[in-house]
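Here is a short report on one structure. Keep the sequence and the 3D view open while you read.

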Amino acid sequence: MLRRTAGWFDTRLGTSAFVQKALTKVFPDHWSFMIGEIALYSFVVLLLTGTFLTFFFDASTSHSVYRGAYEPLNGVEVSDAYRSVLELSFDVRAGLVMRQIHHWAALVFIGSIVAHLCRVFFTGAFRRPREINWIIGVLLLILAIFNGFSGYSLPDDLLSGTGLRIAHSIALSVPLVGTWMAFLLFGGEFPADEIIGRLFVVHIMIVPALIIGLLTVHLAVVWRQKHTQFREPGRTEGNVVGSRLWPSYTAKSIGLFFAVSAVLSVMGGLVQINPVWLYGPFEPQQVTSPAQPDWYLGWVEGALRLVPPFDVRLFGYEIPNPFFPAVLLPGVTFTLLLAWPFLEQRFARDKEAHHLLDRPRDHPVRTALGATTLTFYTVMFVAASNDLIAKWLGASIFGITLIFRILILLLPPLVGWGTYRLMKALAASGAGHLSEMPLAALTNRGADGHGAHVDGGKGHGAAGPPGDGHAGNRLGAPAEEARTPGG
Amino acid sequence: MKLRCARSGWAVKVLTALGAIALGGCAYTSNLTNPHPSQEPVADTPERGRVLYLRDCAWCHAAEGSGTGRGPDLISDTNGAAFTDFMLSTGRMPINDPSEPTRFSSPSYNPSEIEDLVAYVASLGGDGPPIPVVDTQAGDLALGLELYQENCAACHSTTGVGGALAAGPDPFDRSLIAPALTQSTPVQIAEAMQVGPGTMPVFGRDTFSDTEVDSIVRYLGHLQRPDDRGGLPLGHVGPVTEGAIGWLVGVGGALLIVRLIGTRVGEE
């Protein structure tokens with residue numbers, strides 16, 4: 001039956017040759033190459049749970065009376081958006097667990113994108129010819145963050161309303177066009193009635209469609225260019241060594257889908273997230289504290305809290321203070337991120353195509369720069385919780401903020417320098433793994449002197465421990481595919 | 001001990017802040033906040049309020065409650081029964097050292113001792129409000145929610161877990177905290193509204209009617225034991241703890257799984 005159906009399609013479309021080729025396609029084996037798939041499968045979970053939520057969510061700021069199981073708001077007039085989220089949480093069967101899985105999946109989705117980005121960065125997988133996919137990946141990250149925020153803003157509770165007010169102020173802070181832009185986006189004076197409906201269309205249609213489109217291209221480009229691999233005996237710039245798509249990689253990938261779904265479902269079922277009924281409905285004259293965004297905007301929130309109060313006047317126009325941390329900083333961040341492959345090509349004078357990956361130690365300058373950058377954003381991220389930290393430590397919020405202002409200047413270069421030294425020492429020691437490196441290698445000042453100079457990872461392969469750790473138990477020889485130019 | 005150098009520079013302030021954090025941590029772990037219960041009990045006579053006052057309070061507030069350099073007077077402004085009862089029943093008073101911030105803790109006196117002390121301090125002449133009578137059943141939950149969100153949530157948070165305050169003349173003042181209301185009794189909440197302890201404004205009789213006070217207190221009672229659906233509540237502080245769990249359990253768990261299924265048998 002299956003054979004007959006396949007034959008029917010093959011005689012009309014000639015599919016069997018393609019399927020044959022596809023099923024034998026080889027993917028290199030390394031656990032870190034599957035991080036991107038965590039994001040992919042979190043996104044699938046987001047689509048499934050999100051579709052369920054759209055059946056019940058009512059994206060309107062018109063008011064109606066909530067009548068349901070949540071006692072303090074029973075009989076109270078609230079916005080339709082807030083009412084429908086209350087109903088989802090208390091009165092719709094499985095509504096709350098779907099909401100919670102959806103929200104956890106969003107946090108994990110963006111988290112795994114960042115983890116995937118770090119893997120690609122620190123192994124140099126963005127180098128020619130993969131600059132295109134790096135750019136697509138960064139665009140996907142931006143879209144994911146934007147969709148996260150638009151979803152966070154939909155329930156029209158007091159916390160998300162406080163977030164929207166901050167977003168409105170950020171729009172206002174853009175020089176010259178800020179006021180017009182804020183009115184255009186929100187459809188009037190804050191809190192405009194239009195915004196929830198607009199964000200809903202953006203959240204469930206426009207951005208998800210863009211993500212699906214870019215994701216398809218992202219995967220197609222990986223397919224076309226073939227995956228990178230780490231240097232190991234038998235692996236060259238001209239081949240790909242690993243498992244075939246069918247059956248081994250398919251089994252792993254489907255297994256991962258079930259595992260990611262399981263983790264997200266367990267979290268959605270057991271851990272409360274965004275209890276909007278406790279936050280209460282949004283009223284423009286009210287505000288709540290502490291008020292933080294979801295983690296992926298924590299760095300912008302932290303920057304807003306850390307930038308000292310100053311005003312700048314340029315050509316007779318005032319540039320409002322929030323412009324610097326909340327518009328300029330993200331703008332510079334994503335521009336640099338998008339441009340990184342080209343910047344590195346220029347400054348490292350390396351325009352060659354690379355299909356074999358670097359280990360972080362093989363390129364200590366890149367690794368150190370990456371660590372510096374991550375530290376910078378992590379300090380801002382933690383500073384977004386300055387009020388909670390002050391409360392938990394019983395300290396003054398001003399003191400805590402001052403400490404973060406000092407840390408953000410001090411810590412990134414310090415971590416960068418430490419990372420550079422560590423990577424140099426690791427490369428010079430010849431240890432296979434950081435945990436195997438003798439401590440003495442760290443204090444050996446000769447590491448970055450003339451003696452043991454390591455460049456670009458060209459010396460690797462011989463440096464590994466005898467047998468390279470793979471001698472014994474390998475189950476069958478890994479499959480191999482030739483890397484022919486363009487195909 | 002307080003550093004009071006006129007031009008000590010930012011370095012001293014950093015050190016002070018670091019010290020403040022360390023001290024905060026120590027005080028938290030070593031349970032030094034409650035120095036008085038070891039004092040010998042005083043016999044239950046009509047004189048007990050005065051005896052306790054002179055033994056424990058007069059050091060700073062003076063024998064007639066007129067105050068000293070170490071402590072404020074107890075006979076002006078909102079001082080009176082409600083204020084005294086609030087400070088004693090929430091364990092904020094007495095303190096060992098006048099520079100200590102007053103913090104919520106278990107009370108140093110038993111309820112009848114507090115009653116005697118309150119009566120004695122009231123007799124000194126403060127004309128602040130008396131201890132309010134609260135009837136939570138007379139309150140309306142929905143009205144309480146609305147009034148709480150509008151008047152209280154900006155400092156004490158929508159969920160009543162409290163928060164840090166940014167206002168105040170001294171940036172290194174450690175007492176600038178809107179405390180959690182998770183353990184406050186109905187009477188204590190009503191008292192705080194009447195007298196406005198610390199930096200809190202007064203929400204007196206001209207602001208809220210009795211029904212409104214009852215409603216706010218009733219809603220806070222609800223927040224103390226909320227309809228906590230959805231599982232583990234994560235402290236009701238919002239996205240900060242959620243983000244931590246999202247990374248540790250969510251991303252961390254997924255990475256662990258990937259590590260397990262993405263590695264061939266026999267590889268490290």
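## Buried or exposed

A residue counts as buried when its relative accessible area is under 20%, and as exposed when that area is over 50%. Anything in between is partly exposed. Asp29(A) has a relative accessibility of 4%, so Asp29(A) is buried. Keep in mind that this is a predicted model.

## A sheet of three strands

Start with chain A. Here three strands make an open sheet, in the order E1-E5-E9, and they pair in the antiparallel sense. Strands E1 (26-28) and E9 (479-482) of chain A are at the edges. Each has a single partner strand, so one side of each has no neighbour in the sheet. On average, neighbouring strands of this sheet are turned by 60 degrees against each other, direction ignored. In general, the strands of a sheet pair through backbone hydrogen bonds.

Now look at E5(A), which spans residues 239-244. Four bridges join E5(A) to E9(A). Three bridges join E1(A) to E5(A). Gly242(A) has Ala479(A) as its bridge partner in E9(A). Pro28(A) also stands opposite Gly242(A). Further along, Asn239(A) faces Ala482(A) in E9(A). How many of the six residues of E5(A) are buried? Five are, so the strand is mostly covered.

## A helix across the sheet

Helix H10 of chain A covers residues 245-270. H10(A) lies across E1 and E5 of chain A. Its direction is about 70 degrees from that of E5(A).

The side chains of Asp29(A) and Lys252(A) meet at 3.0 Å, N to O. Asp29(A) sits in the loop between E1 and helix H3 (35-54) of chain A, while Lys252(A) is in H10. The two residues are 223 residues apart, so the pair links distant parts of the chain. Lys252(A) has a relative accessible area of 16%, so Lys252(A) is buried.

## Other salt bridges

How many salt bridges does the whole structure hold? A search over all chains finds 18. One of them joins Asp362(A) to Arg359(A), with the closest N and O atoms 3.3 Å apart. Asp362(A) is buried, with a relative accessible area of 4%. Arg359(A) is also buried, at 18%.

Arg229(B) and Asp227(B) form a salt bridge, with the closest N and O atoms 3.4 Å apart. Arg229(B) is partly exposed, at 30% relative accessibility. Asp227(B) is partly exposed as well, at 24%. Back in chain A, salt bridges link Asp58(A), Asp80(A), Arg83(A) and Glu87(A) in a network.

## A buried charge without a salt bridge

Glu242(B) lies in helix H9 of chain B, residues 239-261. Glu242(B) is buried yet has no salt bridge. The nearest side chain of opposite charge, Arg99(A), is 7.9 Å away.

What does the side chain of Glu242(B) reach? Its contact is the backbone nitrogen of Asn274(A), at 2.8 Å. Glu242(B) also touches residues of both chains, among them Trp104(A), Tyr279(A), Asp294(A) and Leu234(B).

Key. Residues are numbered from 1 along each chain as its sequence is written. Chains are lettered from A and ligands numbered from 1 in the order in which they are written. This is a predicted model: local features need pLDDT of at least 70, side-chain atom pairs count only at pLDDT 80 or more; totals for chains, interfaces and linings use all residues. Side-chain values use heavy atoms; hydrogens and water are left out. Two strands pair if DSSP finds at least two bridges between them. Axes are lines fitted to C-alpha atoms, for helices over the stretch in contact, and angles run from 0 to 180 degrees between N-to-C directions. Contact means heavy atoms within 4.5 Å. Buried means under 20% relative accessible area, exposed over 50%, partly exposed in between (1.4 Å probe, protein chains only). Lys and Arg count as positive and Asp and Glu as negative; His and the chain ends are not counted. A salt bridge is a side-chain nitrogen of Lys or Arg within 4 Å of a carboxyl oxygen of Asp or Glu. A polar contact is a pair of N or O atoms within 3.5 Å; within protein, one must be able to donate a hydrogen and the other to accept it, and residues adjacent in sequence count only if both atoms are side-chain atoms. Lists of a residue's contacts leave out its neighbours within four places in sequence.
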